2 protein chains.
Amino acid sequence: MSISKNQLKVITSLSQKKYRQKHQLFVAEGVKVVAELINSPFKVDTLFALDNFETTISKEKIVRISEKELQKISNLKSPNKVLALFKIPEEKPLQNTGLIIVLDAINDPGNLGTIIRLCDWFGVTELICSKDTVDCYNPKVVQASMGSLTRIPVKYLDLEVYLKSTKITTFIADMDGQNVYQSDLTKEAILIMGNEANGVSEEIKSLVTHKLSIPRFGEIQKTESLNVATATAILLSEFKRSF
Amino acid sequence: MSISKNQLKVITSLSQKKYRQKHQLFVAEGVKVVAELINSPFKVDTLFALDNFETTISKEKIVRISEKELQKISNLKSPNKVLALFKIPEEKPLQNTGLIIVLDAINDPGNLGTIIRLCDWFGVTELICSKDTVDCYNPKVVQASMGSLTRIPVKYLDLEVYLKSTKITTFIADMDGQNVYQSDLTKEAILIMGNEANGVSEEIKSLVTHKLSIPRFGEIQKTESLNVATATAILLSEFKRSF
(Lines give C-alpha, C1' and ligand atoms only; values in the text may rest on other atoms or scores of the structure.)
Protein backbone atom coordinates (compact mmCIF):
# COMPACT_ATOMS: atom_id res chain seq x y z
CA MET A 1 0.00 0.00 0.00
CA SER A 2 1.23 3.49 -0.66
CA ILE A 3 -0.16 7.02 -0.66
CA SER A 4 -3.22 7.58 -2.84
CA LYS A 5 -3.53 10.67 -4.98
CA ASN A 6 -6.34 11.87 -2.78
CA GLN A 7 -4.32 11.42 0.43
CA LEU A 8 -1.44 13.31 -1.16
CA LYS A 9 -3.79 16.15 -2.01
CA VAL A 10 -5.20 16.29 1.53
CA ILE A 11 -1.75 16.21 3.18
CA THR A 12 -0.46 19.00 0.97
CA SER A 13 -3.56 21.11 1.56
CA LEU A 14 -3.08 20.94 5.35
CA SER A 15 -0.30 23.50 5.21
CA GLN A 16 -3.16 25.98 4.78
CA LYS A 17 -5.46 26.90 7.64
CA LYS A 18 -8.66 26.80 5.61
CA TYR A 19 -8.06 23.18 4.66
CA ARG A 20 -7.11 22.23 8.21
CA GLN A 21 -10.46 23.64 9.26
CA LYS A 22 -12.32 21.94 6.42
CA HIS A 23 -10.80 18.51 7.14
CA GLN A 24 -10.40 19.11 10.90
CA LEU A 25 -6.94 17.59 10.62
CA PHE A 26 -3.37 18.73 11.16
CA VAL A 27 0.10 17.37 10.35
CA ALA A 28 2.79 16.30 12.82
CA GLU A 29 6.15 14.84 11.87
CA GLY A 30 9.06 12.88 13.22
CA VAL A 31 9.34 10.00 15.67
CA LYS A 32 9.46 12.09 18.82
CA VAL A 33 6.65 14.57 18.16
CA VAL A 34 4.34 11.92 16.69
CA ALA A 35 4.97 9.60 19.67
CA GLU A 36 4.08 12.41 22.09
CA LEU A 37 0.85 13.11 20.20
CA ILE A 38 -0.05 9.42 20.04
CA ASN A 39 0.43 9.18 23.83
CA SER A 40 -1.96 12.07 24.43
CA PRO A 41 -5.71 12.62 24.26
CA PHE A 42 -5.25 13.70 20.61
CA LYS A 43 -6.66 11.19 18.10
CA VAL A 44 -4.68 9.80 15.18
CA ASP A 45 -6.35 9.90 11.79
CA THR A 46 -3.61 8.34 9.64
CA LEU A 47 0.09 7.57 10.00
CA PHE A 48 2.30 7.62 6.91
CA ALA A 49 5.36 5.74 8.05
CA LEU A 50 8.47 3.95 6.83
CA ASP A 51 8.62 0.20 7.46
CA ASN A 52 11.05 0.70 10.33
CA PHE A 53 8.67 2.95 12.32
CA GLU A 54 7.24 0.87 15.15
CA THR A 55 3.94 1.73 16.78
CA THR A 56 1.01 0.15 18.60
CA ILE A 57 -1.53 2.10 16.52
CA SER A 58 -3.97 -0.25 14.78
CA LYS A 59 -2.87 -1.29 11.32
CA GLU A 60 -5.80 0.13 9.39
CA LYS A 61 -4.63 3.62 10.37
CA ILE A 62 -1.11 3.10 9.03
CA VAL A 63 0.01 3.64 5.46
CA ARG A 64 3.50 2.25 4.90
CA ILE A 65 5.45 4.46 2.52
CA SER A 66 8.90 4.67 0.96
CA GLU A 67 11.57 7.21 1.89
CA LYS A 68 10.94 8.89 -1.42
CA GLU A 69 7.23 9.27 -0.67
CA LEU A 70 8.00 10.60 2.81
CA GLN A 71 10.33 13.17 1.35
CA LYS A 72 7.58 14.24 -1.03
CA ILE A 73 5.00 14.90 1.72
CA SER A 74 7.34 16.16 4.45
CA ASN A 75 7.76 19.79 5.48
CA LEU A 76 11.10 19.02 7.11
CA LYS A 77 14.59 19.16 5.65
CA SER A 78 15.40 15.79 7.19
CA PRO A 79 12.14 13.80 7.43
CA ASN A 80 12.24 11.29 10.28
CA LYS A 81 10.35 8.05 9.59
CA VAL A 82 6.77 9.30 10.00
CA LEU A 83 4.27 11.97 9.07
CA ALA A 84 0.93 11.75 10.86
CA LEU A 85 -2.46 13.33 10.51
CA PHE A 86 -4.22 14.06 13.80
CA LYS A 87 -7.76 15.24 14.43
CA ILE A 88 -8.07 18.80 15.64
CA PRO A 89 -9.55 18.40 19.14
CA GLU A 90 -12.68 20.19 20.29
CA GLU A 91 -12.07 23.42 22.16
CA LYS A 92 -12.51 23.10 25.90
CA PRO A 93 -14.49 25.67 27.88
CA LEU A 94 -12.64 28.73 29.24
CA GLN A 95 -11.03 28.07 32.59
CA ASN A 96 -10.67 31.60 33.94
CA THR A 97 -8.28 30.59 36.67
CA GLY A 98 -4.54 30.41 37.36
CA LEU A 99 -1.97 32.04 35.11
CA ILE A 100 -3.17 32.77 31.59
CA ILE A 101 -1.13 33.97 28.61
CA VAL A 102 -2.81 36.12 25.96
CA LEU A 103 -1.13 36.68 22.59
CA ASP A 104 -2.01 39.69 20.45
CA ALA A 105 -1.18 39.09 16.78
CA ILE A 106 1.88 36.84 17.07
CA ASN A 107 2.93 36.09 13.47
CA ASP A 108 5.91 33.80 13.67
CA PRO A 109 5.11 30.07 13.99
CA GLY A 110 8.42 29.42 15.76
CA ASN A 111 7.57 32.04 18.39
CA LEU A 112 4.12 30.54 19.00
CA GLY A 113 5.58 27.03 19.26
CA THR A 114 8.22 28.20 21.73
CA ILE A 115 5.60 30.03 23.81
CA ILE A 116 3.38 26.91 23.93
CA ARG A 117 6.39 24.97 25.23
CA LEU A 118 7.05 27.68 27.82
CA CYS A 119 3.40 27.61 28.94
CA ASP A 120 3.74 23.87 29.46
CA TRP A 121 6.95 24.26 31.48
CA PHE A 122 5.58 27.01 33.67
CA GLY A 123 2.17 25.43 34.29
CA VAL A 124 0.14 28.07 32.48
CA THR A 125 -3.59 27.23 32.62
CA GLU A 126 -4.43 28.32 29.12
CA LEU A 127 -3.24 30.26 26.14
CA ILE A 128 -5.64 32.74 24.53
CA CYS A 129 -4.76 34.07 21.06
CA SER A 130 -6.19 36.95 19.07
CA LYS A 131 -7.87 35.79 15.90
CA ASP A 132 -5.00 37.16 13.81
CA THR A 133 -2.36 35.17 15.70
CA VAL A 134 -0.78 32.35 13.68
CA ASP A 135 -2.79 29.11 13.86
CA CYS A 136 -1.52 26.65 16.49
CA TYR A 137 -2.06 23.73 14.08
CA ASN A 138 0.27 25.30 11.51
CA PRO A 139 2.89 22.56 10.84
CA LYS A 140 5.76 24.78 12.01
CA VAL A 141 3.98 25.53 15.28
CA VAL A 142 3.28 21.83 15.85
CA GLN A 143 6.98 20.98 15.34
CA ALA A 144 8.25 23.87 17.49
CA SER A 145 5.86 23.11 20.37
CA MET A 146 7.24 19.56 20.59
CA GLY A 147 4.18 17.89 22.05
CA SER A 148 3.33 20.68 24.50
CA LEU A 149 0.38 21.46 22.23
CA THR A 150 -1.36 18.39 23.68
CA ARG A 151 -1.18 19.81 27.21
CA ILE A 152 -1.89 23.52 26.76
CA PRO A 153 -5.41 24.53 25.73
CA VAL A 154 -5.11 27.15 22.98
CA LYS A 155 -8.13 29.28 22.09
CA TYR A 156 -8.67 31.95 19.45
CA LEU A 157 -10.93 34.71 20.74
CA ASP A 158 -11.87 38.32 20.21
CA LEU A 159 -9.46 39.76 22.78
CA GLU A 160 -11.50 42.87 23.51
CA VAL A 161 -14.59 40.80 24.33
CA TYR A 162 -12.54 38.33 26.35
CA LEU A 163 -10.70 40.95 28.39
CA LYS A 164 -13.88 42.90 29.14
CA SER A 165 -15.52 39.71 30.43
CA THR A 166 -12.79 38.62 32.85
CA LYS A 167 -12.08 39.79 36.39
CA ILE A 168 -8.59 38.35 36.62
CA THR A 169 -5.83 40.92 37.15
CA THR A 170 -4.38 41.68 33.75
CA PHE A 171 -0.83 42.71 32.84
CA ILE A 172 0.66 43.82 29.53
CA ALA A 173 4.27 43.38 28.46
CA ASP A 174 5.17 46.89 27.33
CA MET A 175 8.48 48.69 26.82
CA ASP A 176 7.14 51.67 28.79
CA GLY A 177 5.75 49.57 31.64
CA GLN A 178 6.94 49.29 35.24
CA ASN A 179 10.13 47.33 35.94
CA VAL A 180 8.88 43.75 36.39
CA TYR A 181 11.46 43.12 39.11
CA GLN A 182 9.86 45.86 41.21
CA SER A 183 6.22 45.06 40.46
CA ASP A 184 3.60 43.33 42.58
CA LEU A 185 2.61 40.31 40.58
CA THR A 186 -0.42 38.16 41.34
CA LYS A 187 -0.73 34.38 41.39
CA GLU A 188 -3.90 34.49 39.30
CA ALA A 189 -3.11 36.68 36.34
CA ILE A 190 -3.51 37.31 32.67
CA LEU A 191 -0.30 38.33 30.89
CA ILE A 192 -0.63 39.84 27.41
CA MET A 193 2.26 39.63 24.94
CA GLY A 194 2.14 41.64 21.72
CA ASN A 195 3.06 41.41 18.06
CA GLU A 196 6.73 40.94 17.13
CA ALA A 197 7.06 44.35 15.48
CA ASN A 198 4.36 46.50 17.05
CA GLY A 199 3.74 45.13 20.54
CA VAL A 200 0.23 45.09 22.01
CA SER A 201 -2.37 47.03 20.00
CA GLU A 202 -3.67 50.36 21.28
CA GLU A 203 -7.23 49.02 21.67
CA ILE A 204 -6.02 46.31 24.02
CA LYS A 205 -3.65 48.64 25.87
CA SER A 206 -6.53 50.96 26.68
CA LEU A 207 -8.28 48.13 28.55
CA VAL A 208 -5.39 47.30 30.87
CA THR A 209 -3.82 49.26 33.73
CA HIS A 210 -0.81 47.14 34.71
CA LYS A 211 2.10 47.36 32.30
CA LEU A 212 5.33 45.44 32.84
CA SER A 213 8.74 45.92 31.26
CA ILE A 214 11.98 43.98 31.42
CA PRO A 215 14.70 46.55 32.08
CA ARG A 216 17.72 46.79 29.80
CA PHE A 217 21.05 46.21 31.49
CA GLY A 218 23.31 46.70 28.49
CA GLU A 219 25.39 49.90 28.63
CA ILE A 220 24.80 50.78 25.04
CA GLN A 221 21.06 51.23 24.83
CA LYS A 222 20.57 50.08 21.30
CA THR A 223 19.05 46.62 21.46
CA GLU A 224 15.66 47.33 20.10
CA SER A 225 13.64 44.78 22.00
CA LEU A 226 13.77 41.24 23.24
CA ASN A 227 12.26 38.59 21.03
CA VAL A 228 8.67 37.95 22.18
CA ALA A 229 9.40 34.33 23.12
CA THR A 230 12.42 35.23 25.28
CA ALA A 231 10.44 38.08 26.88
CA THR A 232 7.63 35.62 27.65
CA ALA A 233 10.18 33.26 29.23
CA ILE A 234 11.49 35.98 31.54
CA LEU A 235 8.04 37.25 32.57
CA LEU A 236 6.67 33.73 33.19
CA SER A 237 9.73 33.07 35.35
CA GLU A 238 8.98 36.22 37.35
CA PHE A 239 5.31 35.30 37.84
CA LYS A 240 6.07 31.75 38.88
CA ARG A 241 9.06 32.18 41.13
CA SER A 242 7.09 34.49 43.43
CA PHE A 243 4.45 31.98 44.53
CA MET B 1 27.96 48.48 -12.85
CA SER B 2 26.71 45.13 -11.69
CA ILE B 3 28.09 42.09 -9.88
CA SER B 4 31.17 40.52 -11.41
CA LYS B 5 31.51 36.78 -11.69
CA ASN B 6 34.28 36.86 -9.13
CA GLN B 7 32.19 38.86 -6.64
CA LEU B 8 29.32 36.41 -7.11
CA LYS B 9 31.68 33.55 -6.37
CA VAL B 10 33.00 35.21 -3.21
CA ILE B 11 29.53 36.09 -1.90
CA THR B 12 28.27 32.57 -2.42
CA SER B 13 31.35 31.07 -0.78
CA LEU B 14 30.78 33.12 2.40
CA SER B 15 27.97 30.82 3.50
CA GLN B 16 30.84 28.48 4.45
CA LYS B 17 33.06 29.13 7.43
CA LYS B 18 36.31 28.21 5.70
CA TYR B 19 35.75 30.87 3.04
CA ARG B 20 34.72 33.45 5.63
CA GLN B 21 38.06 32.78 7.31
CA LYS B 22 39.97 32.84 4.04
CA HIS B 23 38.46 36.15 2.91
CA GLN B 24 37.98 37.55 6.44
CA LEU B 25 34.52 38.68 5.35
CA PHE B 26 30.92 37.93 6.32
CA VAL B 27 27.50 38.68 4.86
CA ALA B 28 24.75 40.83 6.39
CA GLU B 29 21.41 41.59 4.75
CA GLY B 30 18.47 43.93 4.89
CA VAL B 31 18.18 47.65 5.52
CA LYS B 32 17.98 47.42 9.31
CA VAL B 33 20.78 44.98 10.04
CA VAL B 34 23.14 46.56 7.48
CA ALA B 35 22.46 50.05 8.88
CA GLU B 36 23.28 48.85 12.41
CA LEU B 37 26.52 47.32 11.21
CA ILE B 38 27.46 50.44 9.22
CA ASN B 39 26.91 52.54 12.35
CA SER B 40 29.25 50.36 14.38
CA PRO B 41 33.02 49.85 14.58
CA PHE B 42 32.64 47.07 11.97
CA LYS B 43 34.10 47.96 8.58
CA VAL B 44 32.22 47.70 5.31
CA ASP B 45 33.94 45.91 2.47
CA THR B 46 31.27 46.16 -0.26
CA LEU B 47 27.57 46.99 -0.39
CA PHE B 48 25.42 45.36 -3.09
CA ALA B 49 22.35 47.54 -3.14
CA LEU B 50 19.28 48.46 -5.14
CA ASP B 51 19.14 52.00 -6.49
CA ASN B 52 16.62 52.99 -3.81
CA PHE B 53 18.97 52.08 -0.92
CA GLU B 54 20.34 55.29 0.52
CA THR B 55 23.58 55.43 2.42
CA THR B 56 26.49 57.70 3.25
CA ILE B 57 29.06 54.99 2.50
CA SER B 58 31.57 56.14 -0.13
CA LYS B 59 30.53 55.29 -3.66
CA GLU B 60 33.50 53.13 -4.56
CA LYS B 61 32.30 50.60 -1.97
CA ILE B 62 28.82 50.35 -3.47
CA VAL B 63 27.76 48.08 -6.30
CA ARG B 64 24.30 48.98 -7.56
CA ILE B 65 22.40 45.86 -8.53
CA SER B 66 18.98 44.85 -9.86
CA GLU B 67 16.28 43.10 -7.83
CA LYS B 68 16.97 39.99 -9.83
CA GLU B 69 20.66 40.08 -8.92
CA LEU B 70 19.82 40.68 -5.26
CA GLN B 71 17.51 37.70 -5.27
CA LYS B 72 20.29 35.60 -6.72
CA ILE B 73 22.82 36.44 -3.97
CA SER B 74 20.41 36.71 -1.02
CA ASN B 75 19.95 34.08 1.69
CA LEU B 76 16.56 35.56 2.65
CA LYS B 77 13.11 34.67 1.38
CA SER B 78 12.30 38.34 0.98
CA PRO B 79 15.54 40.22 0.26
CA ASN B 80 15.41 43.81 1.46
CA LYS B 81 17.32 46.28 -0.73
CA VAL B 82 20.87 45.43 0.32
CA LEU B 83 23.39 42.69 0.94
CA ALA B 84 26.68 43.80 2.43
CA LEU B 85 30.08 42.28 3.01
CA PHE B 86 31.76 43.32 6.25
CA LYS B 87 35.28 42.63 7.46
CA ILE B 88 35.54 40.17 10.31
CA PRO B 89 36.95 42.29 13.16
CA GLU B 90 40.03 41.34 15.12
CA GLU B 91 39.40 39.50 18.36
CA LYS B 92 39.75 41.65 21.44
CA PRO B 93 41.66 40.42 24.48
CA LEU B 94 39.78 38.46 27.14
CA GLN B 95 38.11 40.71 29.68
CA ASN B 96 37.71 38.32 32.63
CA THR B 97 35.25 40.56 34.41
CA GLY B 98 31.51 41.05 34.84
CA LEU B 99 28.96 38.49 33.69
CA ILE B 100 30.24 36.10 31.03
CA ILE B 101 28.26 33.55 29.04
CA VAL B 102 29.97 30.37 27.85
CA LEU B 103 28.36 28.17 25.18
CA ASP B 104 29.29 24.51 24.88
CA ALA B 105 28.53 23.18 21.38
CA ILE B 106 25.48 25.25 20.43
CA ASN B 107 24.52 24.07 16.93
CA ASP B 108 21.53 26.13 15.88
CA PRO B 109 22.34 29.53 14.31
CA GLY B 110 18.97 30.94 15.46
CA ASN B 111 19.78 30.00 19.06
CA LEU B 112 23.21 31.64 18.90
CA GLY B 113 21.75 34.79 17.32
CA THR B 114 19.06 35.00 20.00
CA ILE B 115 21.65 34.48 22.76
CA ILE B 116 23.88 37.25 21.33
CA ARG B 117 20.84 39.56 21.41
CA LEU B 118 20.12 38.52 25.02
CA CYS B 119 23.75 39.18 26.00
CA ASP B 120 23.41 42.67 24.56
CA TRP B 121 20.15 43.34 26.45
CA PHE B 122 21.47 42.06 29.76
CA GLY B 123 24.87 43.76 29.56
CA VAL B 124 26.93 40.59 29.36
CA THR B 125 30.66 41.41 29.13
CA GLU B 126 31.58 38.71 26.67
CA LEU B 127 30.43 35.51 25.05
CA ILE B 128 32.85 32.58 24.96
CA CYS B 129 32.03 29.68 22.62
CA SER B 130 33.50 26.21 22.38
CA LYS B 131 35.25 25.61 19.09
CA ASP B 132 32.41 23.36 17.91
CA THR B 133 29.74 26.03 18.50
CA VAL B 134 28.22 27.42 15.29
CA ASP B 135 30.23 30.34 13.86
CA CYS B 136 28.93 33.78 14.86
CA TYR B 137 29.54 35.07 11.31
CA ASN B 138 27.24 32.41 9.85
CA PRO B 139 24.65 34.43 7.84
CA LYS B 140 21.74 33.08 9.91
CA VAL B 141 23.45 34.10 13.16
CA VAL B 142 24.15 37.57 11.79
CA GLN B 143 20.48 38.02 10.83
CA ALA B 144 19.14 36.61 14.12
CA SER B 145 21.47 38.73 16.27
CA MET B 146 20.12 41.90 14.65
CA GLY B 147 23.14 44.10 15.14
CA SER B 148 23.93 42.93 18.68
CA LEU B 149 26.92 41.13 17.18
CA THR B 150 28.64 44.52 16.91
CA ARG B 151 28.38 45.08 20.67
CA ILE B 152 29.08 41.65 22.17
CA PRO B 153 32.64 40.30 21.86
CA VAL B 154 32.38 36.64 20.79
CA LYS B 155 35.39 34.36 21.16
CA TYR B 156 35.99 30.72 20.25
CA LEU B 157 38.22 29.00 22.79
CA ASP B 158 39.14 25.62 24.16
CA LEU B 159 36.69 25.67 27.08
CA GLU B 160 38.70 23.36 29.30
CA VAL B 161 41.78 25.56 29.04
CA TYR B 162 39.70 28.71 29.50
CA LEU B 163 37.81 27.47 32.55
CA LYS B 164 40.96 26.18 34.23
CA SER B 165 42.60 29.58 33.76
CA THR B 166 39.83 31.74 35.26
CA LYS B 167 39.06 32.50 38.90
CA ILE B 168 35.54 33.83 38.29
CA THR B 169 32.75 31.86 40.00
CA THR B 170 31.36 29.48 37.40
CA PHE B 171 27.82 28.12 37.07
CA ILE B 172 26.40 25.49 34.75
CA ALA B 173 22.81 25.30 33.55
CA ASP B 174 21.92 21.70 34.33
CA MET B 175 18.61 19.87 34.74
CA ASP B 176 19.90 18.30 37.96
CA GLY B 177 21.23 21.54 39.39
CA GLN B 178 20.00 23.60 42.32
CA ASN B 179 16.79 25.62 41.90
CA VAL B 180 18.05 28.95 40.50
CA TYR B 181 15.41 30.86 42.49
CA GLN B 182 16.97 29.55 45.72
CA SER B 183 20.60 29.88 44.72
CA ASP B 184 23.20 32.45 45.73
CA LEU B 185 24.24 34.07 42.49
CA THR B 186 27.25 36.33 42.12
CA LYS B 187 27.61 39.62 40.25
CA GLU B 188 30.81 38.50 38.57
CA ALA B 189 30.05 35.10 37.10
CA ILE B 190 30.54 32.70 34.25
CA LEU B 191 27.35 30.92 33.17
CA ILE B 192 27.76 27.86 30.93
CA MET B 193 24.91 26.78 28.64
CA GLY B 194 25.09 23.43 26.89
CA ASN B 195 24.26 21.78 23.59
CA GLU B 196 20.60 21.70 22.49
CA ALA B 197 20.29 17.90 22.77
CA ASN B 198 22.96 16.87 25.26
CA GLY B 199 23.51 19.81 27.58
CA VAL B 200 26.97 20.61 28.89
CA SER B 201 29.62 17.94 28.20
CA GLU B 202 30.89 15.71 31.03
CA GLU B 203 34.44 17.08 30.72
CA ILE B 204 33.19 20.61 31.39
CA LYS B 205 30.77 19.51 34.12
CA SER B 206 33.63 17.92 36.02
CA LEU B 207 35.35 21.33 36.24
CA VAL B 208 32.42 23.19 37.78
CA THR B 209 30.78 22.92 41.20
CA HIS B 210 27.75 25.23 40.94
CA LYS B 211 24.89 23.81 38.90
CA LEU B 212 21.66 25.72 38.35
CA SER B 213 18.28 24.48 37.17
CA ILE B 214 15.05 26.23 36.27
CA PRO B 215 12.28 24.33 38.07
CA ARG B 216 9.33 22.96 36.15
CA PHE B 217 5.96 24.29 37.25
CA GLY B 218 3.74 22.33 34.87
CA GLU B 219 1.64 19.64 36.58
CA ILE B 220 2.30 17.08 33.92
CA GLN B 221 6.05 16.62 34.06
CA LYS B 222 6.61 15.82 30.44
CA THR B 223 8.14 18.90 28.85
CA GLU B 224 11.58 17.61 28.12
CA SER B 225 13.55 20.78 28.52
CA LEU B 226 13.44 24.46 27.77
CA ASN B 227 15.01 25.65 24.55
CA VAL B 228 18.57 26.81 25.28
CA ALA B 229 17.83 30.41 24.26
CA THR B 230 14.76 30.70 26.53
CA ALA B 231 16.70 29.05 29.39
CA THR B 232 19.51 31.58 28.86
CA ALA B 233 16.94 34.40 28.99
CA ILE B 234 15.57 33.21 32.34
CA LEU B 235 18.99 32.65 33.92
CA LEU B 236 20.36 36.00 32.72
CA SER B 237 17.27 37.65 34.18
CA GLU B 238 17.97 35.95 37.53
CA PHE B 239 21.63 37.01 37.55
CA LYS B 240 20.87 40.60 36.63
CA ARG B 241 17.82 41.35 38.76
CA SER B 242 19.76 40.51 41.94
CA PHE B 243 22.41 43.21 41.67
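User: How do α5(A) and α9(A) cross, and what distance do their axes come within?
Analyst: In this predicted model, the axes of α5(A) and α9(A) come within 9 Å and cross at roughly 15 degrees. Since angles under 35 degrees count as roughly parallel, α5(A) and α9(A) are therefore roughly parallel to each other.

User: And the handedness of the crossing of α5(A) and α9(A), left or right?
Analyst: The crossing of α5(A) and α9(A) is right-handed.

User: Which residues make that contact?
Analyst: On the α5(A) side the contact is made by A:Asn111, A:Thr114, A:Ile115 and A:Leu118, and on the α9(A) side by A:Val228, A:Ala229, A:Thr232, A:Ala233 and A:Leu236. Sorted by class, the residues of the contact of α5(A) with α9(A) are six nonpolar, three polar and no charged.

User: Switching to chain B, at what angle do the axes of α5 and α9 cross there?
Analyst: In chain B, helix α5 covers residues 109–121 and helix α9 covers residues 228–241, and their axes cross at roughly 15 degrees while coming within 9 Å. By the cut-off of 35 degrees for roughly parallel, α5(B) and α9(B) are therefore roughly parallel to each other, and their crossing is right-handed.

User: Which residues of α5(B) and α9(B) meet?
Analyst: From α5(B), the residues B:Asn111, B:Thr114, B:Ile115 and B:Leu118 meet B:Val228, B:Ala229, B:Thr232, B:Ala233 and B:Leu236 of α9(B). By class, the contact of α5(B) with α9(B) has six nonpolar, three polar and no charged residues.

User: OK, the interface next: how many residues of each chain are in contact?
Analyst: There are 26 residues of chain A in contact with 25 residues of chain B. On the side of chain A that touches chain B, the elements that give two or more residues are α5 (109–121) and α9 (228–241) of chain A, and the largest share, seven residues, comes from α9(A).

User: What's the class make-up of the side of chain A that touches chain B?
Analyst: The side of chain A that touches chain B has 10 nonpolar, eight polar and eight charged residues.

User: What confidence does the predictor give the complex?
Analyst: The predictor gives the complex an ipTM of 0.90 and a pTM of 0.93. For chain A, the average pLDDT is 94, and 98% of the residues score at least 70.

User: Now the sheet in chain A, what's the strand order?
Analyst: Four strands of chain A form an open sheet in the order β1-β4-β2-β3, with mixed pairing. Its edge strands are β1 (25–29) and β3 (62–64) of chain A, each of which pairs on one side only, and neighbouring strands of this sheet are turned by 15 degrees against each other on average, direction ignored.

User: How many bridges join β2 to β4 in chain A?
Analyst: Strand β2 (residues 44–49) of chain A and strand β4 (residues 82–87) of chain A run antiparallel and are joined by five bridges; within this pairing, A:Phe48 has A:Leu83 of β4(A) as its bridge partner.

User: And in chain B, which strands stand at the edges?
Analyst: The open sheet of chain B has four strands in the order β1-β4-β2-β3, with mixed pairing. There, β1 (25–29) and β3 (62–64) of chain B stand at the edges, each with a single partner strand, so one side of each is left without a neighbour in the sheet.

User: What does B:Phe48 stand opposite?
Analyst: B:Phe48 stands opposite B:Leu83 in β4(B), and strands β2 (residues 44–49) and β4 (residues 82–87) of chain B pair in the antiparallel sense over five bridges.

Technical notes. Residues numbered from 1 in each chain as written. Chains lettered and ligands numbered in written order. Predicted model: local features only at pLDDT ≥ 70, side-chain atom pairs only at ≥ 80, totals over all residues. Axes fitted to C-alpha atoms, helices over the stretch in contact; angles between N-to-C directions. Parallel < 35°, antiparallel > 145°, perpendicular 65-115°, else oblique. Left-handed = near helix turned anticlockwise from the far one by under 90°. Contact = placed C-beta atoms within 7 Å. Nonpolar A, V, L, I, M, F, W, Y, C, P; charged D, E, K, R; others polar. Pairing = 2+ DSSP bridges. pLDDT = per-residue confidence, 0-100.
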